Amino acid sequence: AVERRESFLRQGSGGKSAASSSDAYELTPRWSAYSLPAGVHPSSLVLVKDFWNAKLGQLTIHAGQAWADEAERGPQFTAFRADVPPAGGAAPPPDGAVAVYDFWNPNLRQLTFHTGGPRQGEERHSVQFYAYPADGGASPPQGTVAVYEYFNTKLRRVTAHPGGPWPDETRGAHDVLFHALPAEPPAPPPPSPPPPAPAGGACAACAASSAAAGSGSGREAQGEGEWEAEHEVEVFENERWSSVRSEWGSNHLMVTDPPHFCARLGASLGAKLEQVQCPAHRGWRAGEGWIKDRTPAARGGTDNEGWFYAQLFSSFDAALAQGKTNPSSRRMFCRRRRWYRRTSPLRADERRSSVESRHTLVVRSVPKELAVPGE
């Protein structure tokens with residue numbers, strides 16, 4: 001059984017049990033701009049994904065490429081690489097991190113992944129990655145996520161991932177296995193809401209929109225200082241692919257993913273488009289609803305339903321900033337589409353009074369063609 005299992009690993013990973021250096025280095029640009037826990041260098045990070053093993057009939061987690069009989073599902077969390085090259089070029093795991101091994105149970109024909117020694121009937125094999133221990137005495141660093149062990153009652157197999165249980169899962173006997181960083185860097189905090197509007201004048205956000213737009217696409221009403229151009233409010237819709245159910249859906253989003261509907265910077269805008277409010281001093285354009293944007297970037301485009309695709313949600317930020325989106329869903333796990341709705345200014349006697357609460361939901365009031373990508 002051990003020989004068959006070792007052959008199975010060699011066929012799928014090219015003789016490597018841990019992730020290759022390319023898997024680790026691709027994370028460096030995304031994490032280098034964020035505040036990491038003490039002692040952590042971006043070059044030590046590696047992305048851990050979950051895979052569906054059709055031969056064993058179970059989900060596995062590890063870094064690197066799929067092993068034999070596996071199909072990659074998507075990223076789960078970020079850990080510390082196990083294969084630090086002797087020649088340098090990558091930092092070792094931080095102090096206090098412990099090895100996470102893969103274990104093989106020949107009687108149950110099951111792979112498990114956890115720290116420490118083998119459980120009953122298990123054989124310990126290779127180090128897959130490093131993570132923060134669940135029972136190390138000290139609290140895990142801020143910004144990490146707990147990785148739990150679950151038991152899938154339908155598959156009769158153990159699974160491991162962050163967040164709450166997936167369909168047909170219950171919390172396993174060993175609860176928290178270890179702590180790791182999320183699959184994607186945390187989103188920057190949303191901007192502070194603008195101050196209330198001065199008496200008798202336009203609010204600060206509307207005034208800023210007027211200045212950004214310039215005279216080419218809007219004009220100020222004489223005396224009131226209102227910008228009478230049409231504004232767009234944008235919302236991004238997010239979904240994740242489920243390999244188990246072979247479908248896209250917002251119900252497959254992970255705890256580290258952006259919400260179903262969010263602003264450009266990631267702030268939640270509610271569970272439905274109808275919950276997004278119109279900015280203060282403005283009203284929805286008569287006879288129009290939410291519109292799917294099939295040209296969210298200068299190049300690339302979307303599919304027929306307005307979706308564009310990536311392997312990670314964090315990749316969408318770069319795609320929009322660079323002006324190129326991917327319209328193909330092939331080998332992708334995340335998809336997003338942009339909705340927009342046009343507004344018009346209200347007369348002074350129609351203005352809302354809830355300026356601050358409404359402006360927290362304003363995604364972009366500057367026309368799309370004038371907005372700075374990624375703002």
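A salt bridge is a side-chain nitrogen of Lys or Arg within 4 Å of a carboxyl oxygen of Asp or Glu. The structure is a predicted model, in which local features need pLDDT of at least 70 and side-chain atom pairs count only at pLDDT 80 or more, while totals for chains, interfaces and linings use all residues. Residues are numbered from 1 along each chain as its sequence is written, and side-chain values use heavy atoms, with hydrogens and water left out.

**Exercise 1. Describe the salt bridge between Arg-335 and Glu-239.**

Step 1. Find the distance: the closest N and O atoms of Arg-335 and Glu-239 are 2.6 Å apart.

Step 2. Helices (H or I, at least four residues) and strands (E, at least two) are DSSP runs, numbered from the N terminus. Arg-335 belongs to strand 16 (residues 334–345) and Glu-239 to strand 10 (residues 231–242), so the pair ties together parts that are 96 residues apart in sequence.

Step 3. Check accessibility. Buried means under 20% relative accessible area, exposed over 50%, and partly exposed in between (1.4 Å probe, protein chains only). Arg-335 is buried because its relative accessible area is 13%. Glu-239 is buried too, at 11%.

**Exercise 2. Are Asp-257 and Arg-240 buried or exposed?**

Step 1. Start with the pairing: Asp-257 forms a salt bridge with Arg-240, and their closest N and O atoms are 2.8 Å apart.

Step 2. Locate the partners. Asp-257 sits in the loop between strand 11 (247–249) and strand 12 (261–262), and Arg-240 in strand 10, 17 residues apart.

Step 3. Read the accessibilities. Asp-257 has a relative accessible area of 10%, so Asp-257 is buried. Arg-240 has 4% and therefore counts as buried.

**Exercise 3. How many salt bridges does a search of the whole structure find?**

Step 1. The search finds 13 salt bridges.

Step 2. Take one more pair: Arg-171 and Asp-175 have their closest N and O atoms 2.7 Å apart. Arg-171 is partly exposed, with a relative accessible area of 42%, and Asp-175 is partly exposed at 32%.

Step 3. Look for a network: salt bridges link Glu-232, Glu-234, Asp-293 and Arg-338.

**Exercise 4. Which residues have the most contacts inside the largest nonpolar core?**

Step 1. Define the set: a nonpolar core consists of buried Ala, Val, Leu, Ile, Met, Phe, Trp, Tyr and Cys residues joined through side-chain atoms within 4.5 Å.

Step 2. The largest core has 19 residues, and Phe-77, Phe-129 and Phe-178 have the most contacts inside it.

Step 3. Among the elements that give two or more residues to this core are strand 1 (45–53), strand 3 (70–80) and strand 9 (169–182). Strand 9 supplies the largest share, 3 residues.

Step 4. Contact means heavy atoms within 4.5 Å. Leaving aside neighbours within four places in sequence, Phe-77 is in contact with residues including Val-46, Ile-61, Phe-129 and Phe-178.

**Exercise 5. Where do Ser-246 and Arg-331 lie?**

Step 1. Ser-246 lies in the loop between strand 10 and strand 11. Arg-331 lies in the loop between helix 5 (315–322) and strand 16.

Step 2. Read the phi angles. Phi is near 55 degrees for Ser-246 and near 60 degrees for Arg-331. Most residues other than glycine have a negative phi.

Step 3. Ser-246 is exposed, with a relative accessible area of 51%, and Arg-331 is exposed at 61%.
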